[in-house]
Amino acid sequence: MKIIISACLLGEKCKYDSTDNYNASAVKLGEAFELVPVCPELFGALPVPRMPCEIKNGRVVAENGADFTAEYKSGAEKTLYIAQECNACCAVLKEKSPSCGFGKIYDGTFSRTLADGNGVAAALLWENGIKIFGESKIDKLLDEML
Ligand code: SF4
């Protein structure tokens, strides 16, 4: 079985600030599944490093108001394409991100406040029937899939 997974969880330094979100449980998933790393923001042709963004009024914006909605949408579409091409059984995505977050994301005020909502890529995957697990739900994934 294949899983698409946020590349930063596997240690790729693709975050906006050139760091990663290494997660040992996410890496361990590779013992049971074939992991297909994705980074929707890089797929949207955004650079590393890049300005951090949040979703505000349905747009993806930086704190200075620069609008990156088109790049985020493009990256989400490429991520969906890969998930469908590799017939992924589900996705493991970085929580809270404006691309990968699912269920809770930052609220657009750049104050580290969370609100209900989904990142752009997570929303598109979900709309297309792909089950999503945040990194804190990896144990649940193992229970459901194995
Ligand atoms: Fe990680 Fe997703 Fe952000 Fe890429 S877009 S750095 S995979 S959280």
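The report below goes from the ligand site to the helices and then to the loops.

This is a predicted model, in which local features need pLDDT of at least 70 and side-chain atom pairs count only at pLDDT 80 or more, while totals for chains, interfaces and linings use all residues. Residues are numbered from 1 along each chain as its sequence is written, and side-chain values use heavy atoms, with hydrogens and water left out.

## Ligand site

The ligand is surrounded by 14 residues, of which the closest are Cys 8, Cys 14, Cys 39, Glu 41 and Cys 100; a residue is near a molecule if one of its heavy atoms lies within 4 Å of it. By class, this shell holds seven nonpolar, three polar and four charged residues, where Ala, Val, Leu, Ile, Met, Phe, Trp, Tyr, Cys and Pro count as nonpolar, Asp, Glu, Lys and Arg as charged, and the others, Gly among them, as polar. The ligand sits in the largest pocket. A pocket is an open set of points on a 1 Å grid over the protein atoms alone, where a 1.4 Å probe fits and protein lies on both sides within 12 Å along at least five of seven lines, and a molecule sits in it if more than half of its atoms lie within 2 Å of its grid points.

Glu 41 belongs to helix H2, residues 40–43; helices (H or I, at least four residues) and strands (E, at least two) are DSSP runs, numbered from the N terminus. With a relative accessibility of 9%, Glu 41 counts as buried, a word that means under 20% relative accessible area, whereas exposed means over 50% and partly exposed lies in between (1.4 Å probe, protein chains only). Not counting residues up to four places away in sequence, Glu 41 touches Leu 46, Arg 50, Tyr 72, Ser 97, Pro 98 and Ser 99, contact being heavy atoms within 4.5 Å.

One of these partners, Ser 99, is found in the loop between E5 and strand E6 (104–106) and is buried, with a relative accessible area of 2%. Apart from neighbours within four places in sequence, Ser 99 is in contact with Pro 40, Glu 41, Tyr 72, Gly 119, Val 120, Ala 121 and Ala 122.

Helix H4 (residues 120–127) is mostly covered, since six of its eight residues are buried, namely Val 120, Ala 121, Ala 122, Ala 123, Leu 124 and Leu 125. Just after H4, Gly 129 takes a positive phi of about 85 degrees.

Which residues of helix H5 (residues 138–145) are buried? They are Ile 138, Leu 141 and Met 145. Seen down the axis of H5, these buried residues fall within an arc of 50 degrees, so they line one face of the helix; the arc is that of the directions from the helix axis to the C-beta atoms. The buried residues of H5 pack against strand E1 (2–6), helix H1 (24–28), strand E5 (90–93) and strand E8 (132–134), while the face turned away from the buried side carries the exposed residues Asp 139 and Asp 143.

## Loops and backbone

Most residues other than glycine have a negative phi, and most peptide bonds are trans. Against that background, Ala 45, which is not a glycine, has a positive phi of about 70 degrees; Ala 45 lies in the loop between H2 and E3 and is exposed, at 68% relative accessible area. Asn 87, in the loop between helix H3 (69–85) and E5, has a positive phi near 55 degrees and counts as exposed at 65%. The loop between H2 and strand E3 (53–56) also contains Pro 49, which a cis peptide bond joins to Val 48, with omega about -5 degrees.

Gly 44, in the loop between H2 and E3, is buried, with a relative accessible area of 7%. Leaving aside neighbours within four places in sequence, Gly 44 is in contact with Glu 71, Ser 74 and Gly 75.

Some C-alpha separations are listed here.

| Pair | Apart along the chain | C-alpha separation |
|---|---|---|
| Gly 44 and Phe 68 | 24 residues | 9.4 Å |
| Glu 85 and Ala 45 | 40 residues | 20 Å |
| Thr 109 and Cys 14 | 95 residues | 23 Å |

Terms used
1 Å grid on protein atoms, 1.4 Å probe; cavity = no way out; pocket = protein on both sides within 12 Å on 5 of 7 lines; lining within 4 Å.
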